[in-house]
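Thanks for coming. Please have a look at it first.

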Amino acid sequence: MIELAAAFAVAGAASNAVGTAFQRKAASASSRGGLRLLAELVRRPFWVIGMCGVVCAALFQSLALVNGPLALVQPLFILELPFALLVAAPLMHRRLPRSGWWGVGGCVVGLAVLLVAAAPHGATAYAPLTRWIPALCLCLGGMAAAVLLAGRGHSPARRAALFAAASAAGNALTAALLKSAAGTFADHGFAAFLRSWQTYGFALTGAAAVILLENALQAGPLAAAQPALTIGDAVISLTLGMTLFGERIRMGWWLVPEACGAVLIVVGVVVLSRAVQHITVAPVAAGQRRTAA
């Protein structure tokens, strides 16, 4: 079941990356905003493909959370960042600098070392309300505090990092609520799923996380937002998995390779975030230039 959960999580990360890349491709060809932008995008094939990717990602994430621990599934979504760059670069006719490939390697190797060493286990989809209340208070309170601290008057990098940290907490809480709701659906059916408060909880927190992410990307550089978003989601998800669902990781000397893997991930994410700002236009073949002319 662990292997199945990992496979679904990787598929979810890849699907979300494809969805994001195709949606950005569609949006980049329009100068409109608001509802007029949405009305235009729904008629674009690239946008439809992107939405299919997002829907598939949600389905894969649900299947992964039903079959495996939160502490395994959410860290694997770190792969969404390198996947997105690998898909978006050729799609947008851009070329990733060499440092970006080192960042991709750091993320992948670091994640593999961390998860193999930690070996998250003990998955359950249910947690008592006595555990949910402090988890909700801490996550929602942390999100509110980060938003307040990100008020105008601070540097763009700080505001971007704080909004991204709030979005990371929202993503982690959404995954925890989704895990519980998906478990209810798997064990008791659709009617019980609709009666579960976690179902409406993950819808609300998920929407809030998306809005906070948009604010983070608008407030400052990606190099400040992405590390807080990626690392924050993984760390908070690991904490929620252990405190809510009783998940466990290996301790003792295993902490050494776990720490090494975590450092590699952090370095890889930082390198990738900076490499994005130096993406260049890919050269166009002579045949393509003649066709375009």
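Predicted model: local features only at pLDDT ≥ 70, side-chain atom pairs only at ≥ 80, totals over all residues.

Phe185 has a relative accessible area of 44%, so it counts as partly exposed.

Now the chain as a whole. It has 13 helices and two strands. Out of 293 residues, 43% are buried. The accessible surface is about 14,700 Å², and carbon and sulfur atoms account for 71% of that. If you take contacts between residues at least 6 apart in sequence, 84% of them join residues at least 24 apart.

Next, the inside. In soluble globular proteins, nonpolar side chains tend to be buried together. Here the largest nonpolar core has 40 residues, and the members that touch the most others are Trp132, Leu240 and Leu244. Helix α8, residues 156-188, gives the largest share of this core, with seven residues. There is also a second, separate core of 16 residues, with Ala166, Ala168, Ala169 and Ala225 among them.

I would like to stay with Trp132 for a moment. Which residues does Trp132 contact, leaving aside neighbours within four places in sequence? They are Ala127, Leu173, Ala176, Leu177, Ser180, Trp197, Gln198, Leu244 and Phe245.

That brings us to the rings. The structure has seven aromatic pairs. One of them is Trp132 with Phe245, an edge-to-face pair at 6.1 Å centre to centre, with 80° between the planes. Trp132 belongs to helix α7, residues 129-149, while Phe245 is in the loop between α11 and α12, so this pair ties together parts 113 residues apart in sequence. Both residues are buried. Ring pairs also bring in Trp197, which makes a cluster of Trp132, Trp197 and Phe245.

The other pair I want to show is Trp253 with Trp254. Their ring centres are 4.3 Å apart and the planes are at 25°, so this pair is stacked. Are these two tryptophans buried, partly exposed or exposed? Trp253 has a relative accessible area of 59%, so it is exposed. Trp254, at 25%, counts as partly exposed.

That is what I have. I am happy to take questions.

Notes:
Residues numbered from 1 in each chain as written. Heavy atoms only, no water. Core = buried A, V, L, I, M, F, W, Y, C linked by side-chain atoms within 4.5 Å. Buried < 20%, exposed > 50% of the residue type's maximum accessible area, 1.4 Å probe, protein only. Helix = DSSP H or I, 4+ residues; strand = E, 2+ residues; numbered from the N terminus. Contact = heavy atoms within 4.5 Å. Phe/Tyr/Trp six-rings, centres within 6.5 Å; stacked < 30°, edge-to-face > 60°. Areas by Shrake-Rupley, 256 points an atom, 1.4 Å probe, with all protein chains shown as cover.
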